[in-house]
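Student: I have a model open and want to check the wording used for it. Can we go through the terms one by one?

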Amino acid sequence: MASKTGVVLSPSTTGSAPVPLAVAERPRRAPFMRKATLRKVGYQVIFYSALLGVWALVARLHVWPAYLFPAPWSVADALWAGIKDHSFLIAIAVTMKRMLIGYGISVVLGMILGVAVAGNRFLEETVGPLLVSLQSLPSICWVPLAILWFGLTEKAILFVVLMGCILSVTIAMEDGRRQMPRIYTMAGRNLGASGFRLFWYVMLPASLPYIVSGLKQGWAFGWRSLIQAEMNFLTLGLGQQLMMGRDLNDMSAVISVMLLIIALGYVVNRVVFRTMERALQTRWGLAPTV
Amino acid sequence: MRAQSQISNSLAERFVDQRKPAHGVAFSRPAILSFRQASGIPKVRLEDVSLSYRTDNGSRLLALDRINLQVRAGEFLCIVGPSGCGKSTLLHLIAALQRPTSGTIQVDDKEVVGAGTDRILIFQEHGLFPWLTVGQNVEFGMKMKGLPRAERKEKTRYYLRLVHLLQFENSRPHQLSGGMRQRVALARALATEPDVLLMDEPFAALDAQTRDMLHDELEKIWAETGRTIIFVTHNVREAVRLGDRVALMSFRPGRVKQEFVVDLPRPRHLEEVEVARTAREILDSLREEINKSLEAEYAAEGSHGL
């Protein structure tokens, strides 16, 4: 409609006249930061400085003893000490390594299981409800079983992580297979894809928007399970650092490890999953959801 | 009328010799194309094809009832019918995305067993893969066929040029308009070089101007490539505009109620009196079926209301 009035066309309303989109749509120059972003950053700086200020003030007034309520600077000291003697860095490396292995296995197995359950009547009606009910079990409950089966080993930790996130991935994959528009599989089959290639080139990419939230949830659940498991197993890792802080009655160390765990979780969510969601949205032309 | 057709035929003959060989060169549009006559060789043959399925309340519904249909090689057959008459389902059966309950479907005298790239289906909408670029979409069928990369790239560009979308090779489907997307779908279908094109109301969701233009383009491509086309639509005028023959389907159970040979000279236009007159004739017969389908719809609504 807009084409008749000579207005510049937006991609979704373009008529059939071949207008080179890539050229027409490109903004002349992206400013360094948008006004909205600038305002958001401003708000955040104000809020977190105020929070820190209140914390410092309360600590300064000695409302509670310092060994229960340490000041921000002593937490910062503890953080710095942990980084300087490498104990925190090693803990981060060990924890992330476990997480990557456990999560990787979960994603592969979870996807296979999800596809199998969605594609098979028998499995759907038997394993399907089992998956949902198993997910109501907190993954910490697998710890005693894991210790009895595997002893205090890496395997036991990986097992707990696996049980923590595989169900999310499986259920998401199963849902994705069901929600994915059927037309994509029909078009794929019609164009000569079948078997594994149909799965790899059509079903998997077609279900991605539906499983991305499951992958995210799987990571979050797996992350919680891992830290919990590490707190019980007394091997290297962030969870163990946390318990060590408790054993030494060192509140500053406890808080600094907690901050580390929060920061890592945030960074992964922000860097990995937000990037993935953004990429999907621009490629598919979906409206931004969050 | 006869005189008119002779004139256009002789014109067409004159243009035949002047046409350049259709190789990778940009297509210049000749004033009037030569339209080959469909040969007498049957390409697709449906014999007593029936389809029934169980509905949610347990009763069996006969969707298609002993369909007999022959499509000659190079023929443009249009199928019209009220919504719910099973015309889309018929295409799915020919594409072997679904199996008939009974009867046989043959292409080139061989029974159809599975989906194959000799019969490509073009959907009403959303048939393109949103995770691939326009070029990758066109390439997809050839990739599944196992063509070497260089050949795929070349053919992708060739067919995109054919539908005048070469400059959008690296765009995403969602960046294109509805009409452009359908042209990409057409290029994707043609790129696998199918013998039979199955088109399921491909232009139903488009605005009138875009549809007119795509009619011209489709007719031209059909004339140039000599493909057999089975085109499903609920728009009778569109069927008369495009088809050599129009098959009218009845409402539930779907049967071929009547067939009309459209003997008007090409290229035709939607507004032509002859097109309108032929359409009118078919429409009179179709109206009965539409009424039946509406009655069924209202009856269903009534029972839901209670």
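Student: What makes about 2,800 Å² the area buried between chain B and chain A?

Tutor: Buried area is the accessible area (1.4 Å probe) that two parts lose on being put together, summed over both. For chain B and chain A that comes to about 2,800 Å², with 63% from carbon and sulfur atoms. B:L97, B:W131 and B:M144 supply 25% of what chain B buries there, more than any other three residues. This is a predicted model: local features need pLDDT of at least 70, side-chain atom pairs count only at pLDDT 80 or more, and totals for chains, interfaces and linings use all residues. Residues are numbered from 1 along each chain as its sequence is written, chains are lettered from A in the order written, and side-chain values use heavy atoms, without hydrogens and water.

Student: How many residues of chain B are in contact with chain A?

Tutor: Contact means heavy atoms within 4.5 Å. By that test, 36 residues of chain B touch 27 residues of chain A.

Student: How many salt bridges are counted between chain B and chain A?

Tutor: The count is zero. A salt bridge needs a side-chain nitrogen of Lys or Arg within 4 Å of a carboxyl oxygen of Asp or Glu.

Student: Why is α3(B) called largely enclosed?

Tutor: Buried means under 20% relative accessible area (1.4 Å probe, protein chains only). Nine of the twelve residues of α3(B) are buried, so the rest of the structure largely encloses this helix. Among them are B:F140 and B:M144. Their cover includes α9 and α10 of chain A, plus α4 and α5 of chain B. Helices here are DSSP runs (H or I, at least four residues), numbered from the N terminus.

Conventions
Buried < 20%, exposed > 50% of the residue type's maximum accessible area, 1.4 Å probe, protein only. Helix = DSSP H or I, 4+ residues; strand = E, 2+ residues; numbered from the N terminus.
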